[in-house]
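Dear colleague,

Please find below the structure that I am handing over to you, together with its sequence. My notes on it follow.

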Amino acid sequence: MFLRKLGMVAALLLPASLNAETGYDAWLRYAPLDDAVASQYRSTLPPTITILGSGPLQQSAQQELIRGVHGMLSRTLRVESDVSNEPSIVLGTLDQIRRRFTLTASIPPDGYWLKSTTLNGARHIVITAANDSGVLYGSFGLLRKVALHESIAELDEKQSPAVSIRWINQWDNLNGTIERGYGGPSIFWENGHVREDLKRVNDYGRMLASVSINGCSINNVNADTRVLSSDLIPQIARIAGAFRAWGVKVALAVDFGSPKTLGGLDTYDPLDPSVAAWWKSKVDEIYRVIPDFGGFVLKADSEGRVGPSTYGRTHADAANVVARALKPHGGVIFYRGFVYDHHMDWENPKNDRARAAYDNFRELDGKFDDNVIIQIKNGPIDFQVREPASPLFGALDKTREAIELQITQEYFGQARHLVFLGPMWKETLEFDMRIRDRATPVKKLVAGFVGVSNVGTNENWYGNQMSQANLYGFGRLGWNADLTAGRIVDEWTRQTFGDDPVVTKAVVDMQLTSWRTYENYTGPLGLQTLTDIVGNHYGVAVEASERNGWGQWHKADANGVGFDRSVATGTGFIGQYSSSVMKVYESLASCPDDLVLFMHHVPYTYKLHSGKTAIQHIYDSHYEGAETVARYLRNWKALKGRVDDDRYKDVLAQLEYQAGQAVVWRDAVNNWFFKESGVADTKGRVGRHPDRIEAEAMTLGGYVAKPVTPWESASGATAIECAEATCTASFKYNGEPGWRDLLVQYFDQQDGVSHFRIWVANQLVDEWFAADRLPTRKVDSSSSTRRTIHGVALRKGDEIRIEGIPDGRETAALDYVEIVAAEN
Ligand code: GCV
């Protein structure tokens with residue numbers, strides 16, 4: 001407490017200059033503590049460090065402690081080869097410790113004990129565990145305590161993980177691209193082989209170990225058969241080598257057709273003895289080279305992947321044939337529960353993708369070998385902005401199951417929006433499935449945590465400084481699912497940005513509210529994300545999920561909105577839950593507002609528990625969401641000088657973009673629902689933009705007005721595009737004189753760098769290049785972006801002229817200009 005107070009006082013004195021930081025070190029920066037705080041630790045911390053084992057994990061732990069103490073306290077721990085009469089930090093397994101100290105305890109595998117103890121008059125800090133991994137996690141635990149200014153004076157702290165399997169999936173392709181990766185190319189692969197330089201793999205291993213992650217599959221679950229080829233296995237062994245010092249086992253995603261496509265058999269039937277023999281010999285080959293190989297991840301019979309259905313076999317047949325090959329080596333197979341038909345007839349009201357996981361696996365409970373783990377996405381669809389907990393969690397009594405969470409923000413604004421997923425994951429983990437009418441939160445049902453991470457070679461790993469909080473949160477929850485999202489994000493923020501309480505408050509507020517905010521301006525009430533689900537999963541495209549076989553339907557039409565999944569009149573999905581949960585969802589009277597449109601189809605005027613109609617909620621939440629991002633931006637600006645310049649600017653640019661993009665979402669979704677429902681916004685905002693001058697209404701020189709698809713992507717459904725060397729668009733300002741901000745909404749596609757210049761009364765006030773790499777080649781909601789020209793003195797009658805110079809296939813397209821009072 002004392003240390004914390006001192007830290008707060010110290011943080012009030014702003015540092016004269018802050019070091020530039022890239023984000024590479026994430027939460028493991030070990031930035032110098034304020035002197036007053038540091039001196040407290042210097043007086044308690046022993047000056048020497050001793051490891052009693054000799055394995056790589058204890059060595060990593062020792063190096064990490066030296067590095068952390070040096071960074072935070074400017075002291076270099078002295079390495080001693082054994083315990084002496086001098087105070088020391090002593091690292092060892094319980095067996096090793098017992099030979100020196102009279103300390104005994106029972107600690108589960110991977111758990112640790114931090115213990116202050118005295119031997120021959122010297123005061124030591126012992127970090128001990130049942131295994132070397134535990135020693136490593138304990139070392140990170142001690143460093144975390146120092147970074148968070150917690151007392152280490154009289155340590156007696158035992159911690160152990162909630163689950164033994166805490167894995168990462170990377171969806172990296174062998175050519176170096178990453179499916180749904182937003183932080184640059186793969187750190188593992190390039191051009192069909194393993195990268196020469198694996199330094200980043202080592203550093204990633206360190207990050208993972210710091211939050212106790214102990215396995216990582218290194219290739220896409222849409223697996224390339226070649227990953228099991230004999231040429232690649234020795235290369236994969238190099239990755240295993242880079243991870244080994246951090247206790248992270250390497251694993252692979254495999255293609256179920258491999259016995260045929262790679263092995264040359266004429267079948268991959270799981271019940272065919274030649275197939276079983278092939279898996280056995282392939283697995284033996286891997287373990288000869290990688291003795292601590294973790295196992296496989298398998299996506300079968302899903303989204304075009306082959307699976308046991310080819311031969312009329314079950315998922316248990318498929319999982320077991322591979323599991324039996326892994327079993328003698330201690331390997332496991334994660335068999336993905338993400339199995340569904342993506343060619344469903346959308347006209348059939350009984351068809352429902354949400355039912356698929358349960359329908360596919362429920363009957364197979366008890367038929368899986370004990371080294372099979374069914375890997376279940378948090379919700380029944382696919383990482384949407386809000387889904388109920390997957391009913392499959394409650395349906396497997398005799399089968400090991402793991403929860404699959406997506407760290408990479410595929411449906412959450414990718415690297416461009418700040419969305420901390422901790423609160424969402426917590427909701428699923430805490431959700432009570434009421435099995436046999438007893439409290440059964442999901443967190444008690446799962447034996448493993450799997451996170452789809454998808455870091456890349458971007459300096460800050462995810463392409464967004466704030467996204468690192470999701471990896472941190474995933475790891476911390478895998479260790480202790482009881483931690484609150486608030487606690488996690490507080491830890492992350494203080495380690496990542498330092499202990500200035502002003503920074504902590506602003507960042508924690510943003511992170512903790514960001515999921516709700518994102519939901520507010522995308523798909524609230526259980527509508528799902530409303531993004532382009534057949535394309536990039538990024539921009540808004542309300543109808544993209546309808547009229548196709550993918551099953552992410554929200555069923556909004558002129559009469560109402562939402563998917564009837566009730567037992568009484570709908571698809572019966574709700575009946576997959578235990579009877580107490582079913583009762584809550586089945587009745588509109590008890591179904592929570594947040595999921596009402598996931599579970600039911602209602603008229604737009606349906607009154608929610610909040611008292612609002614469904615349609616008014618949609619309108620209001622979109623305005624609220626966009627306003628909240630604008631507030632994040634203001635709050636971040638107030639941190640200038642308190643955060644190092646580089647990360648300050650990075651996050652500033654990201655939030656400026658997000659604030660503009662939230663308005664794109666707001667208008668697109670609201671206009672779409674307004675048109676479809678015909679119900680006006682009671683607050684009169686939707687469809688009315690008095691401060692906005694549509695580009696197509698300007699005087700155009702060379703620019704041509706074109707309809708945009710989908711129509712809701714652009715204001716007035718139209719943009720202007722330039723097919724000449726240079727085009728202009730101009731208009732007269734008719735408002736009151738004063739300081740104004742000009743918000744220019746333009747389109748920045750991937751394939752070109754257009755140039756824009758803007759004049760007010762013949763004075764050039766700004767110019768910029770559309771050089772971003774947004775995930776589209778089209779003029780649409782994904783490329784729609786905003787330039788703000790702050791504080792222009794406008795007079796009635798001023799001409800505002802924009803010049804657009806296209807480049808490549810980019811047409812210097814413009815949507816509108818909005819003129820608002822200048823921000824203070
Ligand atoms: C790797 C979603 C994603 C796919 C992903 C799939 C899965 O559909 O959009 O990119 O494929 O989930 O989890 O297998």
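This is a predicted model: local features need pLDDT of at least 70, side-chain atom pairs count only at pLDDT 80 or more; totals for chains, interfaces and linings use all residues.

Residues are numbered from 1 along each chain as its sequence is written, and side-chain values use heavy atoms, with hydrogens and water left out.

The ligand site

The ligand is surrounded by 14 residues, the closest being Glu179, Lys299, Arg336, Lys377 and Glu410; a residue counts as near if one of its heavy atoms lies within 4 Å of the molecule. This shell is made up of eight charged, three polar and three nonpolar residues (Asp, Glu, Lys and Arg count as charged; Ala, Val, Leu, Ile, Met, Phe, Trp, Tyr, Cys and Pro as nonpolar; the others, Gly among them, as polar). Of the 330 Å² of accessible area that the ligand has on its own, the protein covers 97% (Shrake-Rupley method, 1.4 Å probe).

The two sheets

Strands here are DSSP runs of E of at least two residues, and helices are runs of H or I of at least four, both numbered from the N terminus; two strands pair if DSSP finds at least two bridges between them. Eight strands close into a barrel with parallel pairing, in the order E7-E10-E11-E12-E13-E14-E15-E16.

An open sheet of five strands has antiparallel pairing and the order E20-E23-E28-E25-E26. Its edge strands, each pairing on one side only, are E20 (699-701) and E26 (763-770). Six bridges link E23 (residues 727-732) with E28 (residues 799-805) in the antiparallel sense, and lysine 732 has glutamate 799 in E28 as its bridge partner.

A buried glycine

Glycine 478 belongs to helix H14 (residues 468-479). Glycine 478 counts as buried because its relative accessibility is 2%, and buried means under 20% relative accessible area (1.4 Å probe, protein chains only). Its C-alpha atom is separated by 9.5 Å from that of glycine 451, 27 residues apart along the chain.

Yours sincerely

Definitions and conventions:
Buried means under 20% relative accessible area, exposed over 50%, partly exposed in between (1.4 Å probe, protein chains only).
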